[in-house]
Amino acid sequence: AVIDAAIANGIYVIIDWHDHHAHEHPELAIAFFERMARAYGDRPNVIYEIFNEPLRDVSWSKHVKPYSERVVAAIRAIDPDNLILVGSPSWSQDVDIAAKDPISDANVAYTLHFYAGTHKHWLRSKALVALNAGLALFVSEWGVCNADGDGPIDRKSVDEWLAFMREHKLSHCAWSLGDKRETCAMLQPKAPSDGNWSDKQITESGAIIRGIVRGWGK
């Protein structure tokens with residue numbers, strides 16, 4: 001339903017394999033993405049994110065890259081050109097390590113995830129290593145608070161990250177459009193699912209993200 005709605009409204013949609021242990025069962029991911037590629041591979045709206053946040057204790061060269069190459073090959077056999085997003089170890093933060101041994105594909109980008117309260121200049125330094133090595137980065141998850149989705153909003157760090165993403169022209173997706181009782185949720189509990197939310201139904205983080213979205217192109 002989400003994919004069809006995105007296509008109908010002319011916006012991009014990420015099909016995400018949201019699994020910290022994807023490399024342990026690649027056949028499941030391959031079967032899933034083959035099905036998605038057959039159904040939606042002819043639509044330019046669709047982006048594939050094939051491994052959400054590999055954990056810190058996995059290796060890029062031994063685990064994440066071999067898995068990613070298998071899934072990329074399966075998608076490319078059906079869909080030759082849509083964008084594929086690839087994660088890296090340490091919750092999609094080790095893009096500098098991936099930059100030393102990248103995947104050979106004409107349209108792959110590497111995901112960079114951050115939460116403003118937890119991740120600061122040191123992660124931007126890792127991102128710069130990857131960018132300077134020629135990698136394309138896509139911030140497919142970021143939040144205004146701590147990495148656990150809660151805690152205070154760190155507006156200073158948010159502004160620093162926004163400046164970084166603007167400078168390097170990085171696409172980005174904020175987490176999350178939900179009504180869970182945590183800081184990063186953009187909606188108040190029991191907000192309706194059909195949109196048209198009033199200011200009272202939007203959280204502080206939701207108001208910040210809405211302002212960023214509305215003002216990005218100005």
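Helix α8 gives the most to the lining of the largest pocket, with five residues. The structure is a predicted model.

**Largest pocket**
- The lining of the largest pocket is made up of 37 residues.
- Nearest the centre of the largest pocket lie Ile 11, Tyr 12, Cys 173, Ala 174 and Leu 177.
- Two or more lining residues come from each of α1 (2-8), β1 (13-16), β2 (46-49), β5 (137-143), β6 (172-174) and α8 (204-215).
- By residue class, the lining of the largest pocket holds 25 nonpolar, eight polar and four charged residues.

**Second largest pocket**
- The second largest pocket is lined by 16 residues.
- Glu 53, Tyr 115, Glu 141, Ala 147 and Asp 148 are the closest of these to the centre of the second largest pocket.
- The lining of the second largest pocket divides into five nonpolar, seven polar and four charged residues.

**Nonpolar cores**
- The largest nonpolar core has 58 residues, and the members that touch the most others are Phe 33, Tyr 48, Ile 50, Tyr 110, Leu 137 and Trp 142.
- Beyond its neighbours within four places in sequence, Ile 50 is in contact with Trp 17, Phe 33, Tyr 67, Ser 68, Val 71, Val 72, Ile 75, Ile 84, Leu 85 and Val 86.

**Ala 8**
- Ala 8 has its place in helix α1.
- The relative accessible area of Ala 8 is 66%, so Ala 8 counts as exposed, the cut-off being over 50%.
- Between Ala 8 and Asn 45 there are 9.8 Å in space, C-alpha to C-alpha, while the two are 37 residues apart in sequence.

**Gln 93**
- Gln 93 is found in the loop between α4 (89-92) and α5 (95-99).
- With a relative accessible area of 6%, Gln 93 counts as buried, because the cut-off is under 20%.
- The side chains of Gln 93 and His 119 are joined by a polar contact of 3.2 Å.
- His 119 is also one of the residues in contact with Gln 93 when neighbours within four places in sequence are left aside, along with Ser 88, Leu 112, His 113, Trp 122, Leu 123 and Lys 126.

How values were computed
Residues are numbered from 1 along each chain as its sequence is written. This is a predicted model: local features need pLDDT of at least 70, side-chain atom pairs count only at pLDDT 80 or more; totals for chains, interfaces and linings use all residues. Side-chain values use heavy atoms; hydrogens and water are left out. A nonpolar core is a set of buried Ala, Val, Leu, Ile, Met, Phe, Trp, Tyr and Cys residues joined through side-chain atoms within 4.5 Å. Buried means under 20% relative accessible area, exposed over 50%, partly exposed in between (1.4 Å probe, protein chains only). Contact means heavy atoms within 4.5 Å. On a 1 Å grid over the protein atoms alone, a cavity is a set of points where a 1.4 Å probe fits but cannot get out, and a pocket is an open set with protein on both sides within 12 Å along at least five of seven lines; lining residues have an atom within 4 Å of a point. Helices (H or I, at least four residues) and strands (E, at least two) are DSSP runs, numbered from the N terminus. Ala, Val, Leu, Ile, Met, Phe, Trp, Tyr, Cys and Pro count as nonpolar, Asp, Glu, Lys and Arg as charged, and the others, Gly among them, as polar. A polar contact is a pair of N or O atoms within 3.5 Å; within protein, one must be able to donate a hydrogen and the other to accept it, and residues adjacent in sequence count only if both atoms are side-chain atoms.
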